[in-house]
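Here is a short report on selected features of a structure. Keep the sequence and the 3D view open while you read.

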Amino acid sequence: MAEIAVGIDLGTSNTCVALMRGGNVEVLDNAFGERTSASVVHFHEDGSVEVGNSAKAKVIHAPAQTVSSAKRLIGRYYFSEEVKKAEAIYAYEIAEAPSHGVRIEVRDEEFSLPEISAMVLREMKQIAERHTGEKVTKAVITVPAYFNDNQRQATKDAGRIAGLEVLRILNEPTAAALAYGFGMGLNQRVAVYDLGGGTFDISVLEIGKDIFEVLATCGDTFLGGDDFDDRLIDLLADEFVASEGVNPRNDPFAYEKLKLAAENAKKQLSIDEEVLVSIDDLMLGEDGQQRSLARTITRAELATLVHDLVLRTFKVCDEALQQADLTVRDLDGVILVGGPTRLPIVREAVAGYFQQEPRTDVDPDEVVAMGAAIHAASLVGEAQDAMLLDVTPLDLRIGVAGGLAEPVIERNTPVPIEQTRTFTTFQDHQESVQIRVYQGDHRQAEDNALLGQFEFSGFQNGLRADVKIDVTFEIDADGIVNVTASDQATGEAASTQITLSSGLDNSEIERIIDEDRTGRVATAGVSTERLGDEVAPLASPAATAPPSFAAPEASSETGNTDVTVVEDPGPDLELDSGADDDELQIIDDEELIELTQPGSLGAEDVTLDVQTPSDESDDDGFFDSAGLDLSEGDADFDLELEDEEK
Amino acid sequence: MSSAQIQALEIGALAKIMNELDYYQLLGVDPTATPAEIRKAFHASSRNFHPDANRRLDLELRNQCAQISKRVTEAYCVLRDPRRRRSYDARSDGDKNLRIQIAEAKNADRQQAKAERRGRTPQGRQFHAKAEADIKKGNLAGAIQNIQMALTFEGKNPGLESLLEELRARKKQNA
């Protein structure tokens, strides 16, 4: 019997599931006939859980029990900017877990982010089971191309918790390109412009008959349709404050109403030239009387509000084209992905930038799930093979002396790939080293995302130049990172699947699965008897109620909830303490890079020797020069002058 | 022998000798191969060894394929990039050193920092050049003025800012 494997586009705002059967790709609708479901989880008083557009509608009345935009938080540390921002704007409780993890507290229960996402995935699994009448246990799940290892791993964990074998974590733009070009016998270069609810990705691909090769991908995980909504919310709120003297941002119920109104107004402006935003009794004025809001917004006004956001996407496009060594003239097509690309403002700007009309024959809300479904079918032998050759979106780096991070695998390197670097210890007779792995474009370690750290101590005790530790970095086809350390002399090895300290370890995942903590997702229309005990019972009466909000065709950008854009995530101070642990030096050609042991040397004593290529990395004198910046600056400056003289 | 058995033998053999092959041999191309030929060879190899192409093999063969796939990707990564390919071709002791590190960002970082110090805008670069001429003449005050001018065009430029600080420090020292 044919194996069933579905494709799931797990979005910030909406989630879509598709299946390829008998050569056709179908988007599977939910019990209400909606082709996408809001990525929103509502916790009922009786403990049951509701997912989708009907859950989203509950936010106005029970904001603290309704969790949206989990994708913005998954795989992040509690102290990160994104989490702080979420704490400020979401009514649900966000708490800190051990090791800087993030938990959501609802009705006296704690949930990790993978569990929340698993509830959304379980809903998709159940939708697929309703359509096929069979158990669905395999899936390809998509993520933004710019997701880092932590976010990918956490998404994969979510799949596992939902009872799905995740065949592949696939990049959204790559999935879209597959849906666009599969079986078409094309030979084209295309750009995929993917503006979602919370993230922006651009990928440039070369599509051949059965090979889809990503040439470059760039992105911004802090830019999406939600930010467009925020601009509208700000406009409406500021004017309301000016005219009525009270601030709807300070009233969670008023704020939710305003947010929904802004979102709907934005969508309506894709169709109409102007729209009237009208909210009766938005909130009480200072005199205790209800105040209402009514404001007409034109398309041109919205265009002005979001102009800079749209321009920001093109900066990212510039970067991707440059990395692919192409210009817009080299492109045969532009594919639009994500609800916000329905906005005429965005379409026109994209057409202007790329000097060609974007393709309109793919549905921006469904194309990613369809691509994932095609790949899933291909992986279980249900469809002809199409090879997807993807790249890693971010530099993979290792922490070295002076609080810096040295690249080992650069962004836009094809995956799977493996690199081995040889290191030595910083001091004679050092007993252990701390290996820190980062992802990001920054030389300063703390400006990158810390993927994980582990201590390696099984190596030979010796003088620092004699100890040689091989550290192997692997990025697999899912974009997930593995790091192994071994000592050439003793053969001792330590390995870790680099996992975020705030993520879940294997035993936690197993416990969650054993306890069936996400099994209470009550999906309307699923017959449980036929499918056996894997499927949750139809528990909540609320689940069978008709949806009170969000027509299916309006679902593309529902659930957009964030308010401000934080461009700079800031240093992750708590973990990236630079030189206060045992650290490493790289033996890399002529250059030595070192870090230090706690207490032995302060950070200011650590000198780094990567600035001058001509330097012989003379071991004496290596620790002598304090004041790294100046000496390094001088050297650099002198070099420049020499160049000029030549 | 069935085709599956032949395939298994081929995978096993390649996994064994892959450490003795250079990047050209791994991809099965000539050292004079064009970028198009290199890409074509990479695609062909991916059809055989990419993890997605081997889901139906047993675990050991899949692991071997994964090893081959990673090495082939590395070869492609080096040979498709003219700079990396040049440095690969120019490596010393080529018979022993069959691989090179693919990361070059260290250089790129350095070059970027250097370029930044020269200025990102035409006017910034112009004033930076004047400042350099001043430095050669030992006119630190003039250099400082010119860097300040450069900064008015550059906006925020940490490279130039630190240069300015250095020059001020030097001037102080001299005085």
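Domain bounds here come from an automatic or database domain assignment. For chain B, that assignment gives domain 1 (3–102) and domain 2 (106–174). The centres of domain 1 of chain B and domain 2 of chain B, taken over C-alpha atoms, are 46 Å apart.

This is a predicted model: local features need pLDDT of at least 70, side-chain atom pairs count only at pLDDT 80 or more, and totals for chains, interfaces and linings use all residues. Residues are numbered from 1 along each chain as its sequence is written, and chains are lettered from A and ligands numbered from 1 in the order in which they are written.

**A sheet in chain A**

Helices (H or I, at least four residues) and strands (E, at least two) are DSSP runs, numbered from the N terminus. Two strands pair if DSSP finds at least two bridges between them. In chain A, three strands form an open sheet in the order β8-β9-β10, with antiparallel pairing. β8(A) and β10(A) stand at the edges with a single partner strand each, so one side of each has no neighbour in the sheet. From one strand to the next, the twist averages 40 degrees. Axes are lines fitted to C-alpha atoms, for helices over the stretch in contact, and angles run from 0 to 180 degrees between N-to-C directions.

β8(A) and β9(A) are joined by five bridges. Ile94(A) has Ile104(A) in β9(A) as its bridge partner. Helix α3(A) packs on the sheet and touches β9(A) and β10(A). Its direction makes about 85 degrees with that of β10(A). Contact means that the C-beta atoms of two residues, placed from the backbone, lie within 7 Å.

| Element of chain A | Residues |
|---|---|
| β8 | 93–97 |
| β9 | 101–106 |
| β10 | 109–112 |
| α3 | 113–132 |

**Phe111(A)**

Phe111(A) lies in β10(A). A residue is buried if 20 or more other C-beta atoms lie within 10 Å of its own, exposed if 12 or fewer, and partly exposed in between; C-beta atoms are placed from the backbone. Phe111(A) has 24 C-beta neighbours inside 10 Å, so it counts as buried. Not counting residues up to four places away in sequence, Phe111(A) touches Arg103(A), Ile104(A), Val106(A) and Ile116(A).

**Helix α9 of chain A**

In α9(A) (residues 344–354), Ile345(A), Val346(A) and Val350(A) are buried. Seen down the axis of α9(A), the buried residues fall within an arc of 125 degrees (taken from the directions from the helix axis to the C-beta atoms), so they line one face of the helix. They pack against β13 (188–195), α8 (299–324) and β18 (333–337) of chain A. Gln355(A) follows α9(A), and its phi is positive, near 55 degrees.
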